[in-house]
Each structure stands twice: as C-alpha cells, then as structure tokens.
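Here is a brief report on side-chain packing and pairing. The model it describes is predicted.

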Amino acid sequence: MALGQASEALHRDDDRLEPDWVFWVDEREISIMTGRCCTELGRPLRAVPVLEAVLADFDDTHGRDKALYLTWLASSYLQAHEVEHAAATLAQAHSLAAGVASARPTARITRIAAKLSRYQHVPQVAAALEQIAT
C-alpha cells in the first residue's frame, strides 16, 4: 500500500510540495523496494519477477547497489528452493561487491551464503560458495 502511494506521488501533477525523497526515488527504486519487501515477507513468487526485471537493466557500474539488490534476489530464490539460481545470483553479487568499499553487501552475502551452505552437496552451490569464500 505505501509503495503504491509512493508510485502515485511520483506521477502526481499538481501544485503540492514534493516530498524530499522524490529527488532520489524513481520507478526503478520503487520496484526494488517492492521486491525487497516481498523477499522479507517470504513471498518469493512475487519478489523474483520484480527483482529480475529491474536488475536486468541495472548497470554493473553501480556495483555496490546492484550487489546489494542481487542479495535480495538470491534470498528469494533460496526461499523458493531454487538453490542453483540462488548460488549463481549470490556469486554475481560477490563479484560486484569485491570492487566496492562497503560492508553492507558483504555482510548480506555472508548471511545468505551461510543459509545456502546446507545445499553444498549441489555442485553449483559448492562452486559458488568456494568463490565467495576466496
């Protein structure tokens, strides 16, 4: 509901004062927030398509943000028991996070890798976890 209201506010064409957040929030950011919320609410079937769509056009030059957002996609895949997708996505997040000076993506990658480790018998998961560990 709140994310829908935020989206509506972006497209409002009136003389009301704009809230401060309209200068950094756009439709892409609202989509990311929607996917993240669905992930945190344990709704991977809603989160995955939203996050996949928005991240498909998200440039790798925004490494910190893309790495961070990929961790929510990896988490949603894991919730949906798509462990190979979760592993590949988490490995991609790790590669992007390696070049940035931010602890937040690394912390999320570590937490999700710990959850993913119960599937280390799956070859793709084992390979991703090995990449993340180095």
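## Salt bridges

The predicted model holds two salt bridges. One joins the side chains of Lys66 and Asp60, with N and O 2.6 Å apart. Its two partners sit in unlike surroundings. Lys66 counts as buried because its relative accessibility is 7%, and buried means under 20%. Asp60, at 43% relative accessibility, counts as partly exposed.

The other salt bridge pairs Asp65 with Arg64. Here the closest N and O atoms are 2.9 Å apart. Asp65 has 27% relative accessibility and counts as partly exposed. Arg64 is partly exposed too, with a relative accessible area of 30%.

## Aromatic pair

How many aromatic pairs does a search of the whole structure find? It finds one. The partners are Phe58 and Tyr69. Their ring centres lie 5.7 Å apart. The planes meet at 85°, over the 60 degrees that edge-to-face requires, so the pair is edge-to-face.

Phe58 is in the loop between H3 and H4, while Tyr69 is in helix H4. The two are 11 residues apart, and the pair links distant parts of the chain. Both Phe58 and Tyr69 are buried.

## Charges over rings

The charged end of Arg28 sits over the Phe58 ring, 4.3 Å from the ring centre.

## Nonpolar core

In soluble globular proteins, nonpolar side chains tend to be buried together. The largest nonpolar core here has 35 residues. Which of them touch the most other members? They are Leu55, Leu90, Leu116 and Val125. H4 supplies the largest share, nine residues.

Leu90 shows the packing in detail. Setting aside residues up to four places away in sequence, Leu90 touches Thr71, Ala74, Ile109, Ile112, Ala113, Leu116 and Ile132. Leu116, one of these, is also among the core residues that touch the most other members.

## Thr89 in helix H5

Thr89 belongs to helix H5, which spans residues 83–97. Is Thr89 buried or exposed? Thr89 counts as buried, because its relative accessibility is 8% and the cut-off for buried is under 20%.

What lies 2.8 Å from a polar atom of the Thr89 side chain? The backbone oxygen of His85 does. Beyond the neighbours within four places in sequence, Thr89 is in contact with Leu70, Leu73, Ala74 and Tyr77. Ala74 is also touched by Leu90.

## Val50 in helix H3

Val50 is placed in helix H3. At 26% relative accessibility, Val50 counts as partly exposed. Apart from neighbours within four places in sequence, its contacts are Ser31, Thr34 and Gly35.

Met33 gives a C-alpha reference for this region. Val50 and Met33 are 17 residues apart in sequence. Their C-alpha atoms are 9.6 Å apart in space.

How values were computed. Residues numbered from 1 in each chain as written. Predicted model: local features only at pLDDT ≥ 70, side-chain atom pairs only at ≥ 80, totals over all residues. Heavy atoms only, no water. Helix = DSSP H or I, 4+ residues; strand = E, 2+ residues; numbered from the N terminus. Buried < 20%, exposed > 50% of the residue type's maximum accessible area, 1.4 Å probe, protein only. Polar contact = N/O pair within 3.5 Å; in protein donor to acceptor, adjacent residues only side chain to side chain. Contact = heavy atoms within 4.5 Å. Core = buried A, V, L, I, M, F, W, Y, C linked by side-chain atoms within 4.5 Å. Salt bridge = Lys/Arg side-chain N within 4 Å of Asp/Glu carboxyl O. Phe/Tyr/Trp six-rings, centres within 6.5 Å; stacked < 30°, edge-to-face > 60°. Lys NZ or Arg CZ within 6 Å of the ring centre and 35° of its normal.
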